Each structure stands twice: as C-alpha cells, then as structure tokens.
Amino acid sequence: MILRRAVLICLLAVGARVFADPPNLVLLSVDTLRADFLGCYGCDWDISPNIDDLADSGLVFEDALCEIPLTAPSFSAMFTSRYPRMVGVTRNGLRVDDTAPLITEHVRDAGYYTFAVQSNWTLKGKLCGLNRGFDVYEDDYEQRRWAFYKGERNAERVSQIAQELLKNRPADKPFFAWIHFSDPHAPYHYHREFSPVKTSLYKLDRKERSRVKYASEVAYTDYHIGRVFKSLPENTIVVFAADHGESLYEHGYLGHGRNLHQPSTHVPLIIRAVNVALGRTNTPVGTMDVGKTILGLLGIGSIPGMLGCNILHETIPHDRARFMETYGGAVPGLPGMKQLLEATSPVYQSVVKEGFKLICSENQRPVLYYLPDDADERRNLAPHQPALYEELNALLELWNKTFLRGKETVVELTEEDREALKSLGYLD
Ligand SMILES: [Zn+2]
C-alpha cells in the first residue's frame, strides 16, 4: 500500500459514548518500530501481514510522531497525555512522577480489569512507575538476549503470556490490556525464517544487513501479534502504536534516542473499533494523544491537565505544532553529580508544523526541512528561509517556557538492572 499524503479520507467515531456492553481495549505496542517498515506505511517487503490486516480494518494515522524517541519517556507521554519532561521522565531510568495521574488508574476505577505484559527492561514497573493502575503487570523476564544478560522477553513468550492472561481474566469485568513487544530493539537477532530476502547476509553491506535483520525482527513480531489477535474476544478495541522508531544508518546513525530525524520519530498508530470509520488520515498526531484517545474510546472522561488530544473526536488543526526533544538515551551509570550533569539539557529539540521541521541543538547549527518534498531530511532550508526559521524557533522557545520540566526521580539501579540496561545500550 502506498503512503498517501492526501487529505483526510474518513475519520471520526460515531454513535453514543455510553456503552450497554463496555468494550475491552488492548494497547498493542512494539518497541523501536519505525512506521515505514510496515506494509501499511509503504514498506515493499511483505513482513507485516497481521498489522496490515489491522490497518485494513481500522483507521491508520499516517502522520504520527513520538514526543521523545526513548522507551519509558515515550510511554509516560502515552499514559499521561502530557510531555515527558513535565512528568519527570526525560530519560530511561527516571520514574514517572508519582503525582501524575495515569490513564490506567482511571480505567481501573471505571471497573476494568487491567493487565500488562512487558518485554523491555526499562519498562519494569519499579524503574518506570508505569505499573500504577494495573491489576497485573507482568515484568518478570527470564530470557537472555543472545549472550547478553537477561534484558528482554521475546515475542513468542509475550504472546504466550498475553494469551494466558486473556484466558484467565475475570469473567465479570471488561479488560484493558497493554501488550508490549520489544524484538525490533537492538541488538537485532536474525530470524532466517522471517527474512525478507533470500540473499546471504554476508553478501550485504553493513547498512543493508542491519535493515534485513531489523526487518526479520519486525516480521517475527508480526507473526506473534497475529497469535494475540486470534485470542482477542469480540468487542475488543485495538490501539496499535510504537514508542519510537529506529535509525538504520540514516544520517550516519544506528539506534534511537540520539537524534530527532524521521526514522526515529515517525511511528505507526492504528485504531480499530466498531464505531471508528475505516480509512487513513494525515491529521498531525503524537503518541501523547494516545492516552486521552483511549479514555474517549472507553467513554471515560479525560483527566485535567492532559495536553494530548482525543484524535477521534476533537478537530485537530492542520497547522498544529508538535514538539519533540531527546536527552541522549542512556541511563546514568553512577549516582550523584554525573546524573545531575547529564540530566541538564536536551541534546536536540524539534518543532514540526505544516510539514516544516526545525531541529535545534546547543552545539550544532539549526536545520529546517520541508518533509513533503524532502522525506529524507537532506535539504536544510534554514539559511534560505530566515523568517520561517525565526517563527518556528520562537515557538520552540515559547514551548520551553510554557511546559516546564517536572521533578526527576532517579531510580536506584541494582547490579542486575545495570547489566540488563547495558546489554540494550542504555547505560553510560
Ligand atoms: Zn523503546
């Protein structure tokens, strides 16, 4: 399928928001999944048949960006509908502010059975604090990632546990589930049976080899997502999302968290519900919108202070400004002054508005791209469009003054935490 930049085709839920039979909802998320590696977002490799089926039966948001390309911070944005900086989560290893309401608390208070299946070490409840509001938060990982320390749970195991929890859930309540897959996160394991190419990896150059291995992780994950789909009861809304993407040597970078280019920030977002029209939309949205939209889908009122939008019911202006920033990604390895110094300022900040994207940093010249004509972000317009640069830069400055950083709570890491985070590339 071709990524369409055309106008909104169809959108908006219909019908009453008071349900005779409350729907279940599953938030299916895949760590480190860039949108353009899915068929429904234009990938030529046939590696995501199950997610593509979901897209065909749901509403696809073509222009979804994360607020920060880091795992725990991005999910903090989803679950609070606020900027990660406001709830104290600018990096992994910082716990979401205890006083910040999470959507899960409200969903549970509304009578839902809530459970999560985790797979990424940074999302362990004790580290990120996102276990608040869950009846069951399954984060007891036992698998090793290659020869590294046990840092994750693979998709097969995630889908198994999810199916067990679905089967054994209380019969007298609707459920809210967050099922999170982490396989596309580096280091990439090569799933030969899911490879999109027949060529030997050794015949590929470094960049193409990484793309093929990453694609095989996506295909492997998609297969197990398909198993979860088959286990979902009727009357279950599906919200499919990613926390951030992955740079596969674009702009000379492999990974995520250390720049704000599209491979790291453009994420898939798909919603399937009986009262949501099928189709595709290029409405500008962000991962921050997910939380408020979930509350809306369940007919639960939003929480005061939420800054995200209900993207199914609110009119989103086409010139909405979206803001992103990143703090480098790694968890400070040692407590004390090093943490304080490293937590001081973002490495990059960006504002995206009407296709224009400005990226600023303290140490480099600002770059300004026009994404509709320059998807690969190669032509810097900043020197040629000073007025536009000034306008966007002023927006960024205003954003910094308006949305102040909250209290940051550094979690005390155990030796086990350190080893696991190191294997994922998250420890300095
Ligand atoms: Zn992540």
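Which residues does C360 touch, not counting those up to four places away in sequence? Select C360 and look around: V347, Y348, Q349, P366, N393 and L396 are the ones it touches, where contact means heavy atoms within 4.5 Å.

Before moving on, two notes on what you're looking at. This is a predicted model, in which local features need pLDDT of at least 70 and side-chain atom pairs count only at pLDDT 80 or more, while totals for chains, interfaces and linings use all residues. Residues are numbered from 1 along each chain as its sequence is written, and side-chain values use heavy atoms, with hydrogens and water left out.

Still on C360: the residue sits in strand β17, residues 356–360. (Strands are DSSP runs of E, at least two residues, numbered from the N terminus.) With a relative accessible area of 15%, C360 is buried; that word means under 20% relative accessible area, using a 1.4 Å probe and protein chains only.

Next, select 236–242, which is strand β8, where 7 of the 7 residues are buried. Both faces are covered: T236, V238, F240 and A242 lie on one side, with I237, V239 and A241 on the other. In a regular strand the side chains alternate between the two faces of the sheet.

Now bring in the partners of β8. Strand β1 (residues 24–30) pairs with β8 in the parallel sense over 7 bridges; pairing requires that DSSP finds at least two bridges between the strands. Look for L27, whose bridge partner in β8 is V239. Strand β12 (residues 269–272) pairs with β8 in the antiparallel sense over 4 bridges, and there R272 stands opposite V238.

Stay in β1 and click N24. N24 is buried, at 8% relative accessible area. Leaving aside neighbours within four places in sequence, its contacts include Y112, F175 and T236.

Last stop: the zinc ion. Which protein donors does it have? Select D31 (OD), T71 (OG1), D243 (OD) and H244 (NE2), lying 2.0 to 2.1 Å from the zinc ion. (Donors are N, O and S atoms within 2.8 Å of the metal, or 3.2 Å for Na, K and Ca; water is not among the atoms, so sites may look incomplete.) The arrangement is tetrahedral because the 4 donor atoms subtend angles of 99 to 118°, and four donors count as tetrahedral if all angles lie between 85 and 135 degrees. Both D243 and H244 are buried.

Technical notes. Buried means under 20% relative accessible area, exposed over 50%, partly exposed in between (1.4 Å probe, protein chains only). Four donors count as tetrahedral if all angles lie between 85 and 135 degrees; four count as square planar and six as octahedral if opposite donors are over 155 degrees apart and all others between 65 and 115; anything else is irregular.
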